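Thanks for asking me to look this one over. My notes follow below as numbered points, so please have the model open beside them.

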Amino acid sequence: MKKIWMICIIVAMISSMTACTKKNESSSVSPAASTLSAESTTPMEAVSLSNNSTVITLGDSIQVKGSGATVDGSTVTITEGGDYSVTGTLQNGQLLVDAKGENINLELAGAHITNETGPAIYVKNGKMTNIIPKEGTENSLADGKNYANADCKASLFSEDSLTLKGTGKLSVTGNYKHGIASDDDLNIEGGIIVVESAVKDGLHANDSIVIDGGELHITASSDGIESENTVAVNAGSLTIAAKDDGIHAETELAINGGTIEVTNSYEGIEGKTSVLINKGTMRLQSEDDAVNAGSNIEINGGYLSAVCDGDGLDSNGSMTINGGSIIVFSGNNANGPLDIEDQSGSFVINGGTVFASGGNMGISVSGDSKQYSLWIGSQLAANTLVNIAAQSGEEMITVALAKSSSLIFYSSAQLTANATYSINTGGSHSGTQTDGVYSNGAYSGGSKLGTVSMSSKNVSYGQTMGGMGGMGGMGGRGR
């Protein structure tokens, strides 16, 4: 299913549903006054080096002013901890960090490095290395298709912990494998980081990946971001186009803030054990599932919009929604807008606003849920307007379907016990549409599909398929 400043006013998603009888009756409802605001990203901060930093000037003849770095042909080796500023162009060379147990601040101040036989920057030894694109500068790294040292994995590669920060721009091309990789932790705190292309992953780490800021633009032939352990997105702006997963964690994936836009993927975001969404704004496009988890999906807040051909939200265990706003358009096939694979798993909804449409595979809502919800079974074409309104005429939600649909799930705190709601289709809306959801304005001219009374926490209208099931499972190409 990308930046930094991004303040979006997004949807009016509030509440209630029904279903039961009349067709071909004209319906007009008054608008609801509710909007959802996407969060803004924390501005990046410039990083300053000490006054006695070593200056490395790249070129046909490499110059070093200061201590801690040596030159051997087209290789610059940093051997001591401290601050370094790099500028200039190095063709078919390498910047090597070999300072075991030392902290390195490596400022890129208009540095352009290519290496035909290995990483452009290789951190072989270093306790913590900070890569800092200097404010107002553009920098670039590119590697070759074949490496002399096959243990190296990326155009910017570190054996130890690696952090990117600052406010300048760094463009990376990964011709061998990954764009940026660490065999330890990888942290993104700032910078405009552009992975122009990567044969494998855009960002890759053997341990954790933590994104606390920055503006990332990633194009990758495998995953946009992959960790062999955990991934946490806490802030920042991410734009990802990937042929496999947009973001993939081999264990836990947590979204705690930031703005994520996956414009192309096989699966939008995936946690092999769990996916936790607490905050943030996500827009996902995927060929298969939009959100996939091995054992549990938990959503406590944030805004999620997804258009996919597989399941919308797919957990192989359980799913709990406590808050947030979720709008999903999934494939109208054997998949479902919401899916749980494990027969012993449960779907609990305690809060938030959810509108999810797609195929004919539904799931049961747990009786332990605190919030009322509705399944609607009806064959509807793409671009059809679906309107839910209270008996008083108050508009709960109006959505233009991005894809054809057989089944719709709706849940909101506005749905109340024993209240009656009308389901209307077609017609028009005078308001503003964002991600398919209308806000402001009014709905009119539709036909009543039916009415429904919320006689229990989970009500169905039309031909729906309950029960546990679906055709999902853990995705990802080649896994």
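1. The largest nonpolar core has 81 residues, and those with the most contacts inside it are Leu-106, Leu-164, Ile-247, Leu-313 and Phe-347. Strand S7 (residues 94-115) gives this core its largest share, eight residues. Apart from it lies another core, of 27 residues, with Tyr-303, Tyr-421, Leu-449 and Met-454 among them. A nonpolar core here is a set of buried Ala, Val, Leu, Ile, Met, Phe, Trp, Tyr and Cys residues joined through side-chain atoms within 4.5 Å. Buried means under 20% relative accessible area, exposed means over 50%, and partly exposed is in between (1.4 Å probe, protein chains only).

2. A word on provenance: this is a predicted model, in which local features need pLDDT of at least 70 and side-chain atom pairs count only at pLDDT 80 or more, while totals for chains, interfaces and linings use all residues. Residues are numbered from 1 along each chain as its sequence is written, and side-chain values use heavy atoms, with hydrogens and water left out.

3. For the overall picture, the protein has zero helices and 42 strands. Both are DSSP runs numbered from the N terminus (helices H or I, at least four residues; strands E, at least two). Of the 479 residues, 59% are buried. The protein exposes about 17,000 Å², with carbon and sulfur atoms supplying 43% of it; the areas come from the Shrake-Rupley method with a 1.4 Å probe, and for residues only the protein chains shown count as cover.

4. Back to Leu-106: which residues does Leu-106 contact, leaving aside its neighbours within four places in sequence? They are Ile-78, Tyr-84, Val-86, Leu-95, Ile-121, Asn-130, Ile-131 and Ile-132, where contact means heavy atoms within 4.5 Å.

5. Strand S2 (residues 54-58) deserves a look. S2 pairs with S6 (residues 82-90) in the parallel sense over five bridges, and with S3 (residues 63-65) in the antiparallel sense over three bridges; pairing requires at least two DSSP bridges between the strands. Thr-57 has Thr-87 as its bridge partner in S6 and stands opposite Gln-63 in S3. Four residues lie between S2 and S3 in their hairpin.

6. Two asparagines are worth checking. Phi of Asn-92 is near 55 degrees, and phi of Asn-418 is near 65 degrees. Most residues other than glycine have a negative phi. Asn-92 is in the loop between S6 and S7 and is partly exposed, at 35% relative accessibility. Asn-418 is in the loop between S36 (405-411) and S37 (420-425) and is exposed, with a relative accessible area of 57%.

7. A polar atom of its side chain lies 3.0 Å from the backbone nitrogen of Asp-368. Leaving aside neighbours within four places in sequence, Ser-366 is in contact with Phe-347 and Val-348.

8. Finally, Lys-124 sits in strand S8 (residues 121-133) and is partly exposed, with a relative accessible area of 39%. Leaving aside neighbours within four places in sequence, Lys-124 is in contact with Leu-96, Val-97, Asp-98, Glu-159 and Asp-160. Its C-alpha atom is 8.4 Å from that of Phe-157, 33 residues apart along the chain.

Technical notes:
Polar contact = N/O pair within 3.5 Å; in protein donor to acceptor, adjacent residues only side chain to side chain.
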